[in-house]
Amino acid sequence: MKFKYKVNPIGLLIQIGMLGLAYVLFFTRKKESLRFDFIYQRLPDFHTHVSNFSISYIIISGVGFLWLLIGIPFRIIIYFSLLIITINIIYEFWIPILNTIDKVDAYYGIFGSLLAVVQLFFIHKCCLKPIE
């Protein structure tokens with residue numbers, strides 16, 4: 001695998017910072033000391049659904065960022081995101097295996113997926129330079 005692009009420092013800070021935030025949010029499910037009060041006050045059940053948000057975000061952002069660096073077209077990231085969203089909806093609406101059917105979980109997963117796509121689009125447009 002050979003990188004075709006390098007990311008500028010702003011894009012790298014955005015990627016690392018957002019992935020870090022997604023991981024912290026994921027761990028708030030079990031660790032109350034990591035929870036943000038301002039979120040909890042507005043959305044009391046946020047921490048019961050945040051894993052879908054975080055997992056969808058981390059998968060798309062992580063894989064998509066690597067794909068951007070190796071030169072895969074952005075439309076492939078869009079297709080991948082649509083696949084993750086579709087799997088999330090099918091799993092949360094109709095498959096009760098190791099899961100309680102919960103439509104709200106699906107919405108959190110969709111939002112995490114869309115946020116990752118927006119972030120990757122910004123990095124794609126503003127933060128990549130070809131390696132010479």
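**View 1. Seven aromatic pairs are counted in this predicted model.** Rings of Phe, Tyr and Trp (its six-membered ring) pair if their centres lie within 6.5 Å; planes under 30 degrees apart count as stacked, over 60 as edge-to-face and the rest as tilted. The rings of F74 and F121 have centres 5.5 Å apart and planes at 65°, so this pair is edge-to-face. F74 sits in helix α4 and F121 in helix α5, so the pair ties together parts 47 residues apart in sequence. Helices are DSSP runs of H or I with at least four residues, strands are runs of E with at least two, and both are numbered from the N terminus. F74 is buried at 12% relative accessibility. F121 is partly exposed at 40%. Buried means under 20% relative accessible area, exposed over 50%, partly exposed in between (1.4 Å probe, protein chains only).

**View 2. F53, Y57 and F111 make up one aromatic cluster.**

**View 3. S81 belongs to helix α4, residues 74–94.** Its relative accessible area is 3%, so S81 is buried. S81 touches I60 and V117, leaving aside residues up to four places away in sequence. Contact means heavy atoms within 4.5 Å.

**View 4. Helix α5 covers residues 103–126.** The buried residues of α5 include Y108, G112, V117 and I123.

**Notes on the model.** Residues are numbered from 1 along each chain as its sequence is written, and side-chain values use heavy atoms, without hydrogens and water. Local features need pLDDT (the predictor's confidence in each residue, from 0 to 100) of at least 70, and side-chain atom pairs count only at 80 or more, while totals for chains, interfaces and linings use all residues.

Key:
Expected span 1.5 Å × (residues − 1).
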